[in-house]
Amino acid sequence: MLGIDPSAQSERENYKLLIGSIIPRPIAFVSTLSTEGVLNAAPFSYFTIVTADPPMVAVSVQRKQGVRKDTSRNAVDTGAFVVHISDESYIDQINQSAAALPPEESEVTLTGLTPVPSSHIVVPGIAEASIRMECVLEQVIPLGGTLDAPAADLLIGRVVYFHIDENLVDKGRIDPIKLKPVSRLAGNAYAKLGELFEIDRPV
């Protein structure tokens, strides 16, 4: 077994070990709205459920040299964002949205995706997504780096409304085969759902 001390490595070396080990990772495609009215959208694979009571999700948005990215800044400014589940039907546009655009340019416009009004928040969603969650910013936690230049913002969002394609739902459950989710691996590698299996959990 290889033993590695992360404090003896660079950030990039530790990054490669993390993204190569923690796989597959679901991809949150997050839309936010700037104070100038620009609709921003970007993918994040540092993404998970926090709790179901009330429903909350978390997205970690890495900073660049301590400076917040558009997603974090917009979410803090408006207090809201929309999380979309990435699937095969629009993964190419999601990938294109990762381009480094200035704040005044919209990734939604760049990729040709379709904005759709939200029901409970000011931030529009993306019509192409089969699942989207309107979120109110519950908390933002700067983490890592230094006190003056954190490495990331952990955005915790409370889901105030779900939009789900009715074709995916059967008896209150989402059919993963129909959803066709896409997950992130390391580098430029992605994965589809793959083979499913079941194991009974102990009582």
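Which helices and strands each supply at least two residues of the lining of the largest pocket? In this predicted model, the elements that meet this condition are the helices α1 (11–21), α2 (70–78) and α3 (91–96), together with the strands β3 (39–44) and β5 (55–62). Among the contributors, β3 gives the most to this lining, with 4 residues.

The largest pocket itself has a volume of about 900 Å³, and of the 33 residues that line this pocket, those closest to its centre are Ala42, Pro43, Phe44, Lys69 and Ala98. When the lining of the largest pocket is divided by class, 16 residues are nonpolar, 8 are polar and 9 are charged.

The second largest pocket has a volume of about 680 Å³. Its lining comprises 28 residues, of which Pro26, Phe47, Ile49, Ile85 and Leu179 are the closest to the centre of the pocket. At least two lining residues of the second largest pocket come from each of the strands β1 (25–26), β4 (47–52), β5, β9 (131–143) and β10 (152–164), and from the helix α5 (176–179). Of these elements, β4 provides the largest share of the lining, namely 5 residues. By class, the residues that line the second largest pocket divide into 22 nonpolar, 4 polar and 2 charged.

Strand β5 supplies at least two residues to the lining of the largest pocket and also at least two to that of the second largest pocket.

Conventions: Residues numbered from 1 in each chain as written. Predicted model: local features only at pLDDT ≥ 70, side-chain atom pairs only at ≥ 80, totals over all residues. Heavy atoms only, no water. 1 Å grid on protein atoms, 1.4 Å probe; cavity = no way out; pocket = protein on both sides within 12 Å on 5 of 7 lines; lining within 4 Å. Points joined across faces, edges and corners; volume = space filled by probe spheres on them. Nonpolar A, V, L, I, M, F, W, Y, C, P; charged D, E, K, R; others polar.
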